[in-house]
Amino acid sequence: MRGMSERQYAAHVGLSRGAIQKAKTAERLVLYPDGSINASASDARRAETTDPSKTRKPPAPKLKPVPEAAVTAVGDTLREQGLAVPAVGGGTTFLQAKTANEVLKAQERRIRLQKLKGELIERARALSLVFRLAREVRDAWVNWPARAAALMAAEISGSCSEATGQQITVEPAAMQKVLEKHVRAHLDELAEVRPDFR
């Protein structure tokens, strides 16, 4: 057998076997003496005898529109890695999108590995820890004037007495009030600072 069978020719032209049998009966195919189909000659004859308006055209593949956010994300990822970025409105090539996807997968794996090693903690946990530490420092500063006022008053009274030869007394309560005023002013200044957690 030199030519194709009905089944082979049907697969070759993308039609059903029944359609090939009808074409054979209508003598629209070129056959070898053994009954097999001469593919190239049959293709030419079918093209001559087929009405183009009656041919079924394969449907155009329906492509889903790519969201603009996805295209922007691809560009941002490529830019971060120092790679070529698609021009605005120029469209992203498949290779660029695949490269960005691989870069993001590698970054995700690195972050997961850092988490497993304990090198990385969740942002909420870090913020909670910083907040707790800052509150402890604030509380320590608020309580400091009450502890230090009496000692400082005694030191100031003693040093003034030695320098002038006269007895000067500083009331611990007055010293505590002054210290508290200055410590609270300083803490208010610190409250104005807003750390950037980007």
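Exposed residues are those with over 50% relative accessible area, and buried residues those under 20%. The views below show a predicted model.

**View 1. The two sides of helix α1.** Helix α1 spans residues 6-13, and E6, Y9 and A10 are its buried residues. These three cover an arc of only 105 degrees around the axis, which puts them on the same side of α1. R7 and A11, by contrast, are exposed on the other side of the helix.

**View 2. The cover over α1 and the residue that follows the helix.** The buried residues of α1 are covered by elements that include α2 (17-25) and α3 (39-49). Just after α1, G14 adopts a positive phi of about 75 degrees.

View 3. S42 is a residue of helix α3. With a relative accessible area of 0%, S42 is buried, since the cut-off for that class is under 20%. When neighbours within four places in sequence are left aside, the contacts of S42 are Y9, R28, L29, V30 and I37. Among them is Y9, itself one of the buried residues of α1.

**View 4. The backbone at E27.** E27 is located in the loop between α2 and α3. Although E27 is not a glycine, its phi is positive, at about 55 degrees. Most residues other than glycine have a negative phi. E27 is also exposed, with a relative accessible area of 62%, a value to be read against the cut-off of over 50%.

Conventions: Residues are numbered from 1 along each chain as its sequence is written. This is a predicted model: local features need pLDDT of at least 70, side-chain atom pairs count only at pLDDT 80 or more; totals for chains, interfaces and linings use all residues. Side-chain values use heavy atoms; hydrogens and water are left out. Buried means under 20% relative accessible area, exposed over 50%, partly exposed in between (1.4 Å probe, protein chains only). Helices (H or I, at least four residues) and strands (E, at least two) are DSSP runs, numbered from the N terminus. The arc is that of the directions from the helix axis to the C-beta atoms. Contact means heavy atoms within 4.5 Å.
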